[in-house]
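Reader: I've got this one open in the viewer and I'd like to go through the wording with you. Mind if I keep asking where the labels come from?

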Amino acid sequence: MATVIKEFRLPDLGEGLTESEIVSWHVAEGDVVELNQIIADVETAKAVVELPSPYAGVVARLHEQPGTVVEVGAPIISFDVPAAAGAEGGVGVGGPAAADSEGAVAVTSPADDVAPAKREPNLVGYGAAVEKGGRPARRARGGSAVSPAAPDQDQAPAPDRAQSPAVSETAPAPAANLSASERPRSTPPVRKLARDLGVELESVAGTGPGGLIIRDDVLAAAGSHTEASSASGAPATAAAVPVSAAPARSADQRETRTPIKGVRKHTAAAMVASAFTAPHVTEFLTIDVTPTVELVARLKASRVFADVKITPLTVVAKALCIAVARNPTVNSRWDDASSEIVQHHFVNLGIAAATPRGLMVPNIKDADRLGLKELAQALTGLAETARAGKTTPADLSGGTISITNVGVFGIDAGTPILNPGEAAILAMGAVRRTPWEYQGEIALRSVMTLSLSFDHRLVDGEQGSRFLADIGTVLSDPGMVLTMI
């Protein structure tokens, strides 16, 4: 069967990002894949996204390794697909490569012309044509089909760029053989190392997958350069150091450096932008929440809530939604572009979650329309999804107001920074058994401190205070809800 090589480039995942990290591959070279089969996990600035296959066929080549940050538009995987599925944009080997609508470059193997088959849409761009013949057979490695030399990783290949000389699938081509319009393939840290050591990447043969120049290649080149300089009598430059002089990690190392990327990079940028854009004001309210603690205990014992996890956070979330209806200014945003204040008539409640990948604030859509039981179920699902690293970009977008529960860490109060685009955020402190005035006497009661930060451009002090007081009223006497709705 005639086949073509279809090269799939990292797509724009809809967040306006310029790069993403390959977290893991679910396939290997030579694997047979189906249309829309999950092939990789890709980390954006907000979440880990499952990337589906845009084609049905055989994995011909993985262009990048896990942990590599790849620019949008750079090739990440190539597929060997039936000619009918890849006929659109396909050309003969040695001719110019053409890019289709999702940026895939096709290189056909010798075959008769085949009419284009209908292609079905999937999550990212369009996939391969759906063939009646079922899954394509697994082909032997090192067949006649060849893939074009990988384009520069730093610069998205232009659709009309001429195809580079074909190279073998199994033998990586040295970087020196690339055309003048292309730079050698390597990762940003490796390029920086090469600059620091004075190594010209054009002269380095990559030993990584697909000819990728890796750290060891640069260090070896630096060592060879030093030896050559010494043999010729020329003094070695400071940049051209031997391999042994390269920084090494050891047990007594006094610091560890971690690249700023992914969720941490996004969070840092968002918090800086929020802190220096919105004028923050924080107010505090310490209240007796013994009635709420008792309510939670009764609900846990109730058959109605037997299969639901009820916590003080559940009641706080419901109290916040009730208070928003009475104080709508806290549920708004400042639109600089249109010079307008946008008032939301729904509550997408964000819940700050500490995950292994960093801080995330997924939100519960239309939380104000949920009953207490449904809200508890939504909170449980949100937490489980975040811990499993399955939070989607949609879950992280569109929030209108947030809660952060610092009490789970034993913290009493804080001054939370607003989630960008929101007018208010409420911090829950720890519930502590504290001596408290109760009915004219001193008693041991459950006490909590609430901290409310709000954007003073949108929320006046009176409005913020009334909002915080309403939440406190519900938590100190849940029966008061009947007078507030």
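Reader: What share of the residues of the protein count as buried?

Author: Of its 485 residues, 44% count as buried, where buried means under 20% relative accessible area, exposed means over 50% and partly exposed is in between (1.4 Å probe, protein chains only). Bear in mind that this is a predicted model, where local features need pLDDT of at least 70 and side-chain atom pairs count only at pLDDT 80 or more, while totals for chains, interfaces and linings use all residues. Residues are numbered from 1 along each chain as its sequence is written, and side-chain values use heavy atoms, with hydrogens and water left out.

Reader: What does tryptophan 436 touch?

Author: Leaving out residues up to four places away in sequence, tryptophan 436 touches Thr286, Asp288, Glu441, Ile442, Ala443, Arg445 and Val447. Contact means heavy atoms within 4.5 Å.

Reader: And what makes serine 402 count as buried?

Author: Serine 402 has 1% relative accessibility. Buried means under 20%, so serine 402 counts as buried. Serine 402 lies in strand E20, and the residues it touches include Leu320, Leu349, Val361, Asn419 and Glu422.

Reader: How do you know that arginine 445 sits over the ring of tyrosine 438?

Author: The test asks for NZ of Lys or CZ of Arg within 6 Å of the ring centre and within 35 degrees of the ring normal. The charged end of arginine 445 is 3.7 Å from the centre of the tyrosine 438 ring, and the pair is listed as sitting over it.

Reader: Which residues of H4 are buried, and why are they said to be on the same side?

Author: The buried ones are Gly262, Val263, Thr267, Ala270 and Ser274. They cover an arc of only 110° around the axis, so they lie on the same side of H4; the arc is that of the directions from the helix axis to the C-beta atoms. Their cover includes strand E4 (38–43), E13 and strand E18 (358–360).

Reader: What makes a group of residues a nonpolar core, and which members of the largest one touch the most others?

Author: A nonpolar core is a set of buried Ala, Val, Leu, Ile, Met, Phe, Trp, Tyr and Cys residues joined through side-chain atoms within 4.5 Å. The largest has 47 residues, and Leu320, Leu349, Ile401, Ile403, Phe467, Ile471 and Leu475 touch the most other members. H6 gives the most to this core, with 10 residues. Apart from it lies another core of 21 residues, among them Val4, Leu51, Ala74 and Ala83.

Definitions and conventions: Helix = DSSP H or I, 4+ residues; strand = E, 2+ residues; numbered from the N terminus.
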